Each structure stands twice: as structure tokens, then as C-alpha cells.
Amino acid sequence: QVQLVESGGGLVQPGGSLRLSCAASGFTFSSYAMSWYRQAPGKQRELLATSTSAGMTLTYADSVKGRFTISRDNAKNTVYLQMNSLKPDDTAVYYCYARNIVRFYWGQGTQVTVSS
């Protein structure tokens, strides 16, 4: 069955870095655009970054531009989010998302906490 499994979250100090991974299975990963979202308590879910299916076009929210980088390895069915210069406001649950023209899938999320 379809699965999107995030990993790599945890506790990090302000200014630190984390790399999130999302391992996909049960669908044709290379045919799907992949995105990362996050949601903090009491706030709306926020789109952070998107990669088109071949990884040729990468887009970012202004809140993370210059600090976060999305990448994908279609041979490994995995999408990554490299997060640098982390701030306390980056604390949230981070979600992996896959979509094509007719369907979409969500991961269960991984917690990122930025605190000293």
C-alpha cells in the first residue's frame, strides 16, 4: 500500500541544522511532484518547498528561502529537506506530500523542535 514515512526530526539548537527524509513506496514516485509542509500548534499548515517530478524546478516559501533546500533521489524513492540556520519559529511537525494530476498522499509527519 502507499506509504510516505518521514524521518530525521528531533531537537536542535537555534542556528543548527537537520536533514529530513521521506521514503515513499506503493506508487510511481518519479511521476509525482513532492513537497514539504509544516504545521505548528494553532497555526495553518504551511507549504515550504516543492520539487517537480524530475527535480528540474524547485520552489520555496519566503520564510525558508535561502535556509532550506529540497532535493530528491528518484532511484531511492526518497525526498529530502536540508534545513540550516534553524530558528525557534521553525518548530513544527513537518509533513511529506506527493501529488500528480489525479491523486495525492500525505505522510504522518515528524517533529522538529528548535530550542536552547
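**Strand pairing around β11**

Strand β2 (residues 10-12) runs parallel to β11, and 3 bridges join the two. Within this pairing, L11 stands opposite T113 in β11. The model is a predicted one. β11 also pairs with β9, this time antiparallel, again through 3 bridges. Here V93 stands opposite Q111 in β11.

Strand β11 spans residues 110-114. Which of its residues make up the covered face, and which the uncovered one? T110, V112 and V114 form the covered face. Q111 and T113 form the uncovered face. In a regular strand the side chains alternate between the two faces of the sheet.

T110 counts as buried because its relative accessible area is 11%, under the 20% limit. A polar atom of the T110 side chain lies 3.4 Å from the backbone nitrogen of G9. Leaving out residues up to four places away in sequence, T110 touches E6, S7, G9, L20, A92, V93 and Y94.

**The nonpolar core**

Y94 leads on to the core. The largest nonpolar core has 28 residues. L4, W36, F68, V79, L81, M83 and Y94 are those with the most contacts inside it. Several strands supply at least two residues each: β3 (18-25), β4 (33-39), β5 (46-51), β7, β8, β9 and β11. In soluble globular proteins, nonpolar side chains tend to be buried together.

Beyond four places in sequence, Y94 touches E6, L20, Y37, R38, L48, F68, L81, M83, G109, T110 and V112. Among them are F68, L81 and M83, which are also listed for the most contacts inside the core.

**A buried arginine**

R38 lies in strand β4. Is this arginine buried or exposed? R38 counts as buried because its relative accessibility is 8%, under the 20% limit. What do its side-chain atoms meet? Another, of 3.0 Å, links the R38 side chain to that of Y94. The contacts of R38 beyond four places in sequence are Q44, R45, E46, L48, S63, V64, F68, D89, D90, A92, V93 and Y94.

The structure holds 8 aromatic pairs. One of them is Y95 with W106: the ring centres are 6.4 Å apart and the planes meet at 90 degrees, so the pair is edge-to-face. This pair links distant parts of the chain, with Y95 in strand β9 and W106 in strand β10 (residues 104-106), 11 residues apart. Y95 is buried, at a relative accessible area of 14%. W106 is partly exposed, at 32%.

Both rings belong to one aromatic cluster, formed by Y37, Y95, Y97, F104 and W106. R45 meets both rings of the pair. The charged end of R45 sits over the ring of Y95, 3.8 Å from its centre. R45 also lies over the face of W106, at 4.6 Å from the ring centre.

**Loops**

Most residues other than glycine have a negative phi, and most peptide bonds are trans. N77 has a positive phi of about 50 degrees although it is not a glycine. N77 lies in the loop between β7 (68-73) and β8 (78-83), and is partly exposed at 27% relative accessibility. S85 also has a positive phi, near 50 degrees, and is not a glycine either. S85 lies in the loop between β8 and β9 (92-99). With a relative accessible area of 43%, S85 is partly exposed.

The loop between β4 and β5 holds P41. P41 counts as exposed because its relative accessibility is 76%, over the 50% limit. P41 and A23 are 18 residues apart in sequence, and their C-alpha atoms are 25 Å apart in space.

Technical notes. Residues are numbered from 1 along each chain as its sequence is written. This is a predicted model: local features need pLDDT of at least 70, side-chain atom pairs count only at pLDDT 80 or more; totals for chains, interfaces and linings use all residues. Side-chain values use heavy atoms; hydrogens and water are left out. Helices (H or I, at least four residues) and strands (E, at least two) are DSSP runs, numbered from the N terminus. Buried means under 20% relative accessible area, exposed over 50%, partly exposed in between (1.4 Å probe, protein chains only). Two strands pair if DSSP finds at least two bridges between them. Rings of Phe, Tyr and Trp (its six-membered ring) pair if their centres lie within 6.5 Å; planes under 30 degrees apart count as stacked, over 60 as edge-to-face and the rest as tilted. A charge sits over a ring if NZ of Lys or CZ of Arg is within 6 Å of the ring centre and within 35 degrees of the ring normal. A nonpolar core is a set of buried Ala, Val, Leu, Ile, Met, Phe, Trp, Tyr and Cys residues joined through side-chain atoms within 4.5 Å. Contact means heavy atoms within 4.5 Å. A polar contact is a pair of N or O atoms within 3.5 Å; within protein, one must be able to donate a hydrogen and the other to accept it, and residues adjacent in sequence count only if both atoms are side-chain atoms.
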